[in-house]
Amino acid sequence: MPLTPTDEIVRRARAAGTGVGAFNVLQLEHAQAIVAGAENADRPVVLQISENTVRYHGALEPVALASLAVARAAKTPVAVHLDHAENPDLVREAVALGLGSVMFDASKLPYAENVAATREVVEYCHSHGVWVEAELGEVGGKGGAHTPGVRTDPEEACAFVAATGVDALAVAVGSAHQMVTRDAVLDLGLIARLRAAVDVPLVLHGSSGVSDPHLTEAVTAGMTKVNVSTHLNKAFTRAVRTHLAEHPTTVDPRHYLNPARAAVAHEVAHLLAVLSP
């Protein structure tokens with residue numbers, strides 16, 4: 001199946017009132033597992049590569065080309081997305097490599113600077129047919145890089161979308177990045193107000209900290225794209241630990257990466273069902 005544009009996947013989900021699972025790729029096994037889970041659930045999916053992951057690999061190209069290859073071989077619609085890029089040069093590289101969408105994160109800047117930087121990225125990406133997500137109202141987590149407790153104001157969100165031309169907006173509504181417990185409390189009323197205020201899809205970051213029922217409620221309230229990373233990493237690492245505890249003489253990584261990949265695929269299929277109320 002050819003690579004599916006992110007905007008097509010998100011637009012269809014928004015029209016249907018369902019959510020799109022967007023899952024972070026740390027290595028090849030993650031990409032394979034996410035696509036396997038999506039195929040099992042018969043749902044579209046977004047593979048995300050963050051700037052942190054690019055830093056881990058030392059370059060975008062290897063992990064991006066591997067993800068694109070996995071996406072093109074999938075039996076269900078799959079898009080490949082650059083997540084949380086703060087460097088415009090990385091955005092331009094992603095566009096050149098063929099990624100169909102990017103998330104440009106200038107949320108740590110003052111509002112006016114965020115608008116100016118985001119608008120410049122949007123103009124560049126749109127000239128190359130690439131869909132752009134941005135963030136307004138810092139989502140907590142990431143080792144204190146963002147400010148916990150901040151909430152996105154609907155009026156400011158409307159103005160930000162109009163000023164920048166972004167295609168989707170990540171908003172702060174109560175979740176936080178890198179949570180290992182699933183007890184975040186989302187402001188469902190704020191989600192509904194944001195959904196009414198802006199005419200682009202809303203994106204929930206930090207979704208690993210949100211329970212299954214609350215994720216379903218968030219989609220019903222107006223969220224469309226739902227980003228998950230830490231929750232899958234927990235499943236991956238738990239499977240590796242279990243295998244090594246049961247087989248302490250294992251030295252071939254394939255023996256413990258296989259169950260880890262299967263565990264992630266299982267969680268992806270489950271979450272995609274949760275996001276389709």
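Predicted model: local features only at pLDDT ≥ 70, side-chain atom pairs only at ≥ 80, totals over all residues.
Local features need pLDDT of at least 70 and side-chain atom pairs count only at pLDDT 80 or more, while totals for chains, interfaces and linings use all residues. Residues are numbered from 1 along each chain as its sequence is written, and side-chain values use heavy atoms, with hydrogens and water left out.

**Exercise 1. The whole chain**

Task: Describe the make-up and overall dimensions of the protein chain.

Solution: 
- Step 1. The protein chain has 11 helices and 8 strands. Helices (H or I, at least four residues) and strands (E, at least two) are DSSP runs, numbered from the N terminus.
- Step 2. The C-alpha atoms fill a box of roughly 60 × 40 × 35 Å along the principal axes.
- Step 3. For 277 residues, a compact globule would have a radius of gyration near 19 Å, and the 18 Å of the protein chain agrees with this. The radius is taken over C-alpha atoms, and the globule rule is 2.2 Å times the number of residues to the power 0.38.
- Step 4. Of the 277 residues, 54% are buried. Buried means under 20% relative accessible area, exposed over 50%, and partly exposed in between (1.4 Å probe, protein chains only).
- Step 5. Among contacts with a separation of 6 or more, 71% join residues 24 or more positions apart; a contact means heavy atoms within 4.5 Å.

**Exercise 2. Strands 1 to 4**

Task: Work out which strands pair with strand 2 and strand 3, and in what sense.

Solution: 
- Step 1. Two strands pair if DSSP finds at least two bridges between them.
- Step 2. Strand 1 (residues 20-24) runs parallel to strand 2, with 3 bridges. Here N24 stands opposite Q48 in strand 2.
- Step 3. Strand 2 (residues 45-50) is joined to strand 3 by 6 bridges, again in the parallel sense. V45 has V78 of strand 3 as its bridge partner.
- Step 4. Strand 3 and strand 4 (residues 101-104) run parallel and share 3 bridges. The partner of L82 is V102 in strand 4.

Task: Are the residues of strand 2 and strand 3 buried or exposed?

Solution: 
- Step 1. In a regular strand the side chains alternate between the two faces of the sheet.
- Step 2. In strand 2, V45, L47 and I49 lie on one side and V46, Q48 and S50 on the other, and all are buried.
- Step 3. Since 6 of the 6 residues are buried, strand 2 is largely enclosed by the rest of the structure.
- Step 4. Strand 3 (residues 78-85) has 8 of its 8 residues buried, so it too is largely enclosed.

**Exercise 3. The surroundings of V54**

Task: Which residues does V54 contact, beyond its neighbours within four places in sequence?

Solution: 
- Step 1. V54 is placed in helix 3 (residues 51-57) and counts as buried, with 10% relative accessibility.
- Step 2. Beyond those neighbours, V54 touches I49, A59, L60 and L90.
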